[in-house]
Amino acid sequence: MLAKWDYLEIVEVRPGRRRGAAIEHVYRAVRRAYFDTSAWNTVPSGERAGATDAILNSYQGRIKDAVEAGTFDQEIDRHLSWDVAVLDQTAWRAVGQRLDAILSALADLELEAAERLAAGDEGSMPATVGLAAFHSPESPERMLAGAGRNQVPGNAREDAGALMFGPKLAKALSNRWRCKIIAEVSMRPLSPSQFVEEIGGSMTHVSRCFRELASWGLLEIYEERRGGRRGGGVERIYRSAQRAYFDAPAWETLPLIVRSEISAYFLDTFFERVNEAIDAETFDANLDRHLSWKSVIVDREAWREIGRALDQVLAWLPELEAQSLDRTHDIKALTTTTIGLSAFRSPAGT
């Protein structure tokens, strides 16, 4: 069927190697198949869940292959990030259009890289690029309260953008409890006792992790409640102080083993958000949600161009959120959106 629809073609016909098979047909892809926003709109609603599942499974398989082959973190300037932004419809459409543009540009970047590779001695790199933007089930009020974001329309903070951390963030993410705290508190304000009740852990250790993250500037006290929980003295409620991510210079200072641990954290938390959205039926609620991955063969120049494009999207999100807040008179009308971005070296031969 795929050959009939011109997605595959026969490249070899050989005697069958499986028992009882007379002839074996070997196929290859004729053209790359992916959904941009306009193509996704043509998919019948009853078939979208299956398509989403297939894309996610193949993307996760691609990541697993790269992790097992040791190529996922092989390139110091590989890109792996996800962030959450509270957006209005204008900003939501702008994100989709930008991700569609990046996806479409990959073919041109690959062609340009092929021309340079043919003319020089530089080696090629198999790479995978993944892009996603979908609505999350959290309310915008809860999301805005959970992080140090500009919450007042028309009063955007100059420092509301994504800030970068080096050794502090690396140290924070080297401990699985601190990783979990950062992920949970970015979604809503939490106290150590709430965290222990809802997530688990030792109260003594979790409280120390909260204090450490606050001392490093990654969390801030959002509220202090007198009387505390269960008759305690003072209950401190924390929220994220800043958006935090690694720029390339900070990432390059980290040992490979630490980079691998941090990659596992980002991947786990991103796919947790995906599963939560699927369970809440918000993932495919919008026809113009974006979910795609694509394999390319590039040179260093094209690889760096892909990284710059993804970095620019990540840095652009706080601006989009601030603009959305400026435009709206009702925060409840905004939508919590998760954006995931990745570019990593694929195993050889894939």
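A cavity is a set of points, on a 1 Å grid over the protein atoms alone, where a 1.4 Å probe fits but cannot get out. Grid points are joined across faces, edges and corners, and a volume is the space filled by probe spheres set on the points.

The model is predicted: local features need pLDDT of at least 70 and side-chain atom pairs count only at pLDDT 80 or more, while totals for chains, interfaces and linings use all residues. Residues are numbered from 1 along each chain as its sequence is written, and side-chain values use heavy atoms, with hydrogens and water left out.

**Exercise 1. Describe the largest cavity and its lining.**

Step 1. A search of the whole structure gives two cavities of 30 Å³ or more. The largest cavity holds about 100 Å³ of space.

Step 2. Lining residues have an atom within 4 Å of a point. The largest cavity has 16 of them, and Tyr59, Phe270, Gly340, Leu341 and Ser342 lie nearest its centre.

Step 3. Helices (H or I, at least four residues) and strands (E, at least two) are DSSP runs, numbered from the N terminus. Two or more lining residues come from each of α2 (45-69), β3 (79-87), β4 (125-135), α10 (256-279) and β10 (335-345). Helix α10 gives the largest share, four residues.

Step 4. Ala, Val, Leu, Ile, Met, Phe, Trp, Tyr, Cys and Pro count as nonpolar, Asp, Glu, Lys and Arg as charged, and the others, Gly among them, as polar. By these classes, the lining has twelve nonpolar, four polar and no charged residues.

**Exercise 2. Determine whether threonine 269 is buried or exposed, and identify its contacts.**

Step 1. Threonine 269 belongs to helix α10.

Step 2. Buried means under 20% relative accessible area, exposed over 50%, and partly exposed in between (1.4 Å probe, protein chains only). Threonine 269 is buried because its relative accessible area is 8%.

Step 3. Contact means heavy atoms within 4.5 Å. Beyond neighbours within four places in sequence, threonine 269 is in contact with Trp82 and Ala183. The C-alpha atoms of threonine 269 and alanine 183 are 7.1 Å apart, although 86 residues separate the two along the chain.

**Exercise 3. Locate glutamate 281 and describe its phi.**

Step 1. Glutamate 281 lies in the loop between α10 and β9 (290-298).

Step 2. Its relative accessibility is 67%, so glutamate 281 counts as exposed.

Step 3. Most residues other than glycine have a negative phi. Glutamate 281, not a glycine, has a positive phi of about 65 degrees.

Conventions: On a 1 Å grid over the protein atoms alone, a cavity is a set of points where a 1.4 Å probe fits but cannot get out, and a pocket is an open set with protein on both sides within 12 Å along at least five of seven lines; lining residues have an atom within 4 Å of a point.
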